[in-house]
Amino acid sequence: MYAGHLGFALGAYSFRRTIPLWLVLIASQLPDWLDAGMCMASIDRGPYGLYTHGLVAVTIGAVAFGVLTWLLARDLTGALLVAGVVLSHYLLDYFTGLKPTWSGGPIIGLYLYSRPVADLVLESFTVVAGWLLYRRTFPASVRNDGMVYATLFALIALQLLAGVVLALSLGGHIKC
Ligand SMILES: [Zn+2]
């Protein structure tokens, strides 16, 4: 999943606006950022990305980001929310991909990537639902402003771009 994570983050943020939005956005994509960083540094990510997307890795990330949020905002509910956003990455990826569990454990997931239309529907639903919650955080007078809609269009553009990159990587044109 790509833009869906950010949609989920926007929705989660709408319930706790005392925590920085950027932190929630990064938390939602944490395993993917780790993937990208380790890939660029040529560090082994383990079978099926076990070291970034395994249950242990995601749980460690959730605890780390929960603690970070608490240090930044001194807000226990906010810290739990951000930790939950990191954990949500695993659940959302379960729908779209094939994910590791633990070392030697089963590989699980519904792998919607193999059904691009179903994938697009799920990602779009998550993006729109999260964006609608996010939009509610603005005063009624500015909810229809271009900037509020620009967030939605940016997420949809990101999803389409991700679809192209995915198609290229499945076709073997790019690695990582
Ligand atoms: Zn992921």
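Q: Great. Which residues of α1 are buried?
A: The buried residues of α1 are Ala3, Gly4, His5, Leu6, Gly7, Ala9, Leu10, Gly11, Ala12 and Tyr13. Buried means under 20% relative accessible area, exposed means over 50%, and partly exposed lies in between (1.4 Å probe, protein chains only). Helices are DSSP runs of H or I with at least four residues, numbered from the N terminus.

Q: And before I go on, what should I know about the model?
A: This is a predicted model, in which local features need pLDDT of at least 70 and side-chain atom pairs count only at pLDDT 80 or more, while totals for chains, interfaces and linings use all residues. Residues are numbered from 1 along each chain as its sequence is written, and side-chain values use heavy atoms, with hydrogens and water left out.

Q: OK. How many residues of α1 are buried?
A: 10 of its 11 residues, so α1 is mostly covered.

Q: How do α1 and α7 pack?
A: Helix α1 (residues 3-13) packs against helix α7 (residues 116-135) at an angle of about 25°, and their axes are 7 Å apart. The axes are lines fitted to C-alpha atoms over the stretch in contact, and angles run from 0 to 180 degrees between N-to-C directions. The two helices, α1 and α7, are therefore roughly parallel to each other. Angles under 35 degrees count as roughly parallel, over 145 as roughly antiparallel, 65 to 115 as roughly perpendicular and the rest as oblique.

Q: Which residues meet there?
A: On the α1 side they include Gly4, Gly7, Phe8 and Gly11, and on the α7 side Thr126, Val127, Gly130 and Trp131 are among them. Contact here means heavy atoms within 4.5 Å. The residues of the contact of α1 with α7 divide into 8 nonpolar, 5 polar and 1 charged.

Q: What about α1 and α2, how do they cross?
A: Their axes come within 8 Å and cross at roughly 140°. That makes α1 oblique to α2. The contact is made by His5, Leu6, Ala9, Leu10 and Tyr13 of α1 and Leu21, Val24, Leu25 and Ser28 of α2.

Q: Switching to the loop between those two: is Ser14 buried or exposed?
A: Ser14, which lies in the loop between α1 and α2, counts as buried at 9% relative accessibility. Leaving aside neighbours within four places in sequence, Ser14 is in contact with Leu133, Tyr134 and Thr137.

Q: Now the core. Which residues have the most contacts inside the largest nonpolar core?
A: Val24, Ala27, Phe65, Val82 and Val86, in a core of 25 residues. A nonpolar core is a set of buried Ala, Val, Leu, Ile, Met, Phe, Trp, Tyr and Cys residues joined through side-chain atoms within 4.5 Å. α1 gives the most to this core, with 6 residues.

Q: What does Ala27 touch?
A: Not counting residues up to four places away in sequence, Ala27 touches Phe65, Val82, Val85 and Val86.

Q: Which residues of α2 meet α6?
A: Val24, Ala27 and Ser28 in α2 meet Val82, Val85, Val86 and His89 in α6.

Q: Last one: how accessible is Ala167?
A: Ala167, found in helix α8, is partly exposed, with a relative accessible area of 49%.

Conventions:
Nonpolar A, V, L, I, M, F, W, Y, C, P; charged D, E, K, R; others polar.
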